[in-house]
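I opened the file to look up what surrounds the ligand. These are my notes, in the order in which I checked things.

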Amino acid sequence: MTTKLVAVVAMASNRVIGDGEDLLWHLPGDLKRVKQLTMGCPLIMGRKTWDSIGRPLPGRASIVMTRDEQWQAQGAIRASSLDDAIAKGNAWLEEQQTGENRHILFGGGQIYELGLARCDVIEMTEVDLAPDGPAKFPEIDMTQWREVSQEEVPASGEVPSHRFIRYERVNLLISLIR
Ligand SMILES: NC(=O)c1ccc[n+]([C@@H]2O[C@H](COP(=O)([O-])OP(=O)(O)OC[C@H]3O[C@@H](n4cnc5c(N)ncnc54)[C@H](OP(=O)(O)O)[C@@H]3O)[C@@H](O)[C@H]2O)c1
């Protein structure tokens, strides 16, 4: 099976994605979008992101990267490296027999840093805030990526303005055109 790795992230204008423990905003539309984008897929996440979510997300596999060989948690599949996470995600996808071929790179900062170079697509929510926080999304090299869609969401009440942006790796586009 040919699989794709898709990074799904909500990032502030200063690239901050979290305070190390939690998210820094509440965007109801984004939660819905993330659910739609990720349903039926393995989610590859760092152990700290797993801790911040605290439970497996229904309809998806929670593949948790940790260096702790003893680590376990109910509803989580432990992985010791990105290759191990992808292999375990492939096994899970094959069991599902849905034809789904996407793995989601689900964060946080350390896992995006590790896996972005292997991603085919980035589904980004860019939030017009600039909070402090140690966890960041890496810079995107725009010689490697092309923005293929953007949808603007204006501010409303407590919800800051934000936009949904899809980036595809340039060579992925070329291979689709050919
Ligand atoms: N805005 C968003 O879209 C978004 C998405 C996800 C997360 N977040 C936020 O991001 C923050 C967490 O990010 P973070 O960078 O602090 O942590 P993280 O990436 O979630 O997890 C880091 C942990 O992953 C494990 N790990 C890292 N590299 C590894 C490797 N090469 N092999 C095996 N295991 C490895 C280690 O676990 P052990 O220490 O157990 O060995 C490490 O401590 C939270 O605030 C969360 O809310 C935001």
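By class, how many nonpolar, polar and charged residues does the shell around the ligand have? I found 10 nonpolar, 11 polar and seven charged residues. I note that the model is predicted.

Entry: the shell. I listed 28 residues around the ligand. The closest are A10, R47, T49, T66 and R67. I then sorted the shell by element. At least two residues each come from β1 (4–12), β2 (16–18), α2 (47–53), β6 (102–107) and α4 (109–115). With five residues, α4 gives the most.

Entry: For S80, I found a backbone N or O atom 3.3 Å from a nitrogen atom of the ligand. I also looked up the cover: the ligand on its own has 940 Å² of accessible area, and the protein covers 88% of that.

Entry: Which pocket does the ligand take up? The space taken by the ligand is the largest pocket. I have its volume as about 1,300 Å³. The lining of this pocket consists of 45 residues, and T49, S52, F106, G107 and G108 are the closest to its centre. I next checked which elements give two or more residues to the lining, and I noted β1, β2, α1 (28–38), α2, β6 and α4. Here too α4 gives the most, with six residues. By class, I counted 21 nonpolar, 13 polar and 11 charged residues in the lining.

Entry: backbone geometry. Where is the cis peptide bond that I noted? It runs from G107 to G108, with omega near 0°. R15 is placed in the loop between β1 and β2. I wrote both items down because most residues other than glycine have a negative phi, and most peptide bonds are trans.

Technical notes. Residues are numbered from 1 along each chain as its sequence is written. This is a predicted model: local features need pLDDT of at least 70, side-chain atom pairs count only at pLDDT 80 or more; totals for chains, interfaces and linings use all residues. Side-chain values use heavy atoms; hydrogens and water are left out. A residue is near a molecule or strand if one of its heavy atoms lies within 4 Å of it. A polar contact is a pair of N or O atoms within 3.5 Å; within protein, one must be able to donate a hydrogen and the other to accept it, and residues adjacent in sequence count only if both atoms are side-chain atoms. Accessible areas come from the Shrake-Rupley method with a 1.4 Å probe; for residues, only the protein chains shown count as cover. On a 1 Å grid over the protein atoms alone, a cavity is a set of points where a 1.4 Å probe fits but cannot get out, and a pocket is an open set with protein on both sides within 12 Å along at least five of seven lines; lining residues have an atom within 4 Å of a point. A molecule sits in a cavity or pocket if more than half of its atoms lie within 2 Å of its grid points. Helices (H or I, at least four residues) and strands (E, at least two) are DSSP runs, numbered from the N terminus. Ala, Val, Leu, Ile, Met, Phe, Trp, Tyr, Cys and Pro count as nonpolar, Asp, Glu, Lys and Arg as charged, and the others, Gly among them, as polar. Grid points are joined across faces, edges and corners, and a volume is the space filled by probe spheres set on the points.
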